[in-house]
Amino acid sequence: MDRLKDKVAIITGSARGIGFSIAELFAAEGATVVILDLVEEAVNEAVKKLTSQGLKADGFTGNVTRSDEMEKVFSSVVEKYRAIDILVNNAGITKDNLLLRMKEDEWDSVMAVNLRGAFLCTQKVFKVMMKQRSGVIINIASVIGLMGNAGQANYATSKGGLIAFTKSCAKEFASRNVRVNAVAPGFIQTDMTAQLSAAAVENYAKAIPLEKMGLPVDVAKACLFFASDESSYITGQTLAVDGGLTMY
């Protein structure tokens, strides 16, 4: 229960969904978690849910695509807690469309949040971790970044790019004892997938060897492994949490 005792973890896009599940598990393992999201009301509600359980949590609002806002957030966290031990780049969006119908803003906005956001947050946090000579960065990719998907060229490209970004940062940061890994969720039960019809869910499940969709906590557990000392000799890797969907 104390695998992250006294650690400070920032999780982007963590007011709900997979991000909140990661924050909740990290806090249960002893970390002080920083909820970072766009809407102040949602951030405050997420922090309240955690602190009401006796867990340590704090909240900040900010747009991960804005360098000035992220500079302010990361500086504030360091000033308050004197360290940042873990960053989870979880913030992400989808704007699905067939390529021939895809508008430029649908491409640009997905790239901005999913890829530029991870770049900016990683750049800010590495300045801190470099001085500490320790740290863990976890990027939330997707199996779509591994296998592609019709109607999701923008999303697949952003997540595939995030996997390449993970490997490059792992090589660049290793000399400072900073590990960088990625988790690639498959079909996970979230607000997004809740909008699918029962028939669609059944069809997706048939393609998964374990014949079921995953839960947000399944992704959180993989992140916990990468955040803890249990993975101290692992960097630059992508772990698919997908029930066997992308076996190769």
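Contact is taken here to mean heavy atoms within 4.5 Å. The model is a predicted one, in which local features need pLDDT of at least 70 and side-chain atom pairs count only at pLDDT 80 or more, whereas totals for chains, interfaces and linings use all residues. Residues are numbered from 1 along each chain as its sequence is written, and side-chain values use heavy atoms, with hydrogens and water left out.

With contact defined in this way, I138 touches F26, L87, V88, N89, N181, V183, C223, F226 and A227, residues up to four places away in sequence not being counted. I138 also belongs to the largest nonpolar core, a set of 35 residues in which I22, F26, V33, I138 and V183 touch the most other members. A nonpolar core is a set of buried Ala, Val, Leu, Ile, Met, Phe, Trp, Tyr and Cys residues joined through side-chain atoms within 4.5 Å, and buried means under 20% relative accessible area, exposed over 50%, and partly exposed in between, for a 1.4 Å probe and protein chains only. Two or more residues are given to this core by each of strand 1 (8-12), helix 1 (17-28), strand 2 (32-37), helix 2 (40-51), strand 4 (86-89), strand 5 (135-140) and helix 8 (216-227); helices (H or I, at least four residues) and strands (E, at least two) are DSSP runs, numbered from the N terminus. A second, separate core holds 31 residues, among them V8, M70, A141 and A170.

Helix 8 has 12 residues, and the distance from its first C-alpha to its last is 16 Å, close to the 16 Å expected at 1.5 Å a residue, where the expected span of a helix is 1.5 Å times one less than its number of residues. Within helix 8, the residues P216, V219, A220, A222, C223, L224, F226 and A227 are buried, and the buried residues of this helix pack against helix 1, strand 4, strand 5, strand 6 (178-185) and strand 7. In strand 2, where T32 is found, the T32 residue is buried at a relative accessible area of 12%. Contacts of T32, again leaving out residues up to four places away in sequence, are made with K7, V8, A9, K56 and Y81.

Helix 4 (residues 104-132) comprises 29 residues, which at 1.5 Å a residue should span 42 Å, and its end C-alpha atoms are 40 Å apart, in agreement with that expectation. Just after helix 4, R133 adopts a positive phi of about 60°. Positive phi values in residues other than glycine are also found at D6, near 70°, and at N177, near 65°.

Side chains of opposite charge can pair when their charged atoms come close. Seven salt bridges are found in a search of the whole structure, a salt bridge being a side-chain nitrogen of Lys or Arg within 4 Å of a carboxyl oxygen of Asp or Glu. One of them joins the side chains of R3 and E29 (3.0 Å, N to O); because R3 lies in the segment before strand 1 and E29 in the loop between helix 1 and strand 2, this pair ties together parts that are 26 residues apart in sequence. R3 is partly exposed, with a relative accessible area of 40%, while E29 is buried at 4%. The side chains of R3 and E230 also meet in a salt bridge (3.3 Å, N to O), and since E230 lies in the loop between helix 8 and strand 7 (238-241), the parts tied together by this pair are 227 residues apart in sequence. E230 is partly exposed at 49% relative accessibility, and R3, E29 and E230 are thus linked in a network of salt bridges.

The structure holds zero disulfides, a disulfide being a pair of cysteine sulfur atoms within 2.5 Å. C169 is in no disulfide, the nearest cysteine sulfur, that of C121, being 12 Å away, and C169 is buried at 7% relative accessible area. For C223, which is buried at 0% relative accessibility, the closest cysteine sulfur is in C121 at 15 Å, too far for a bond.
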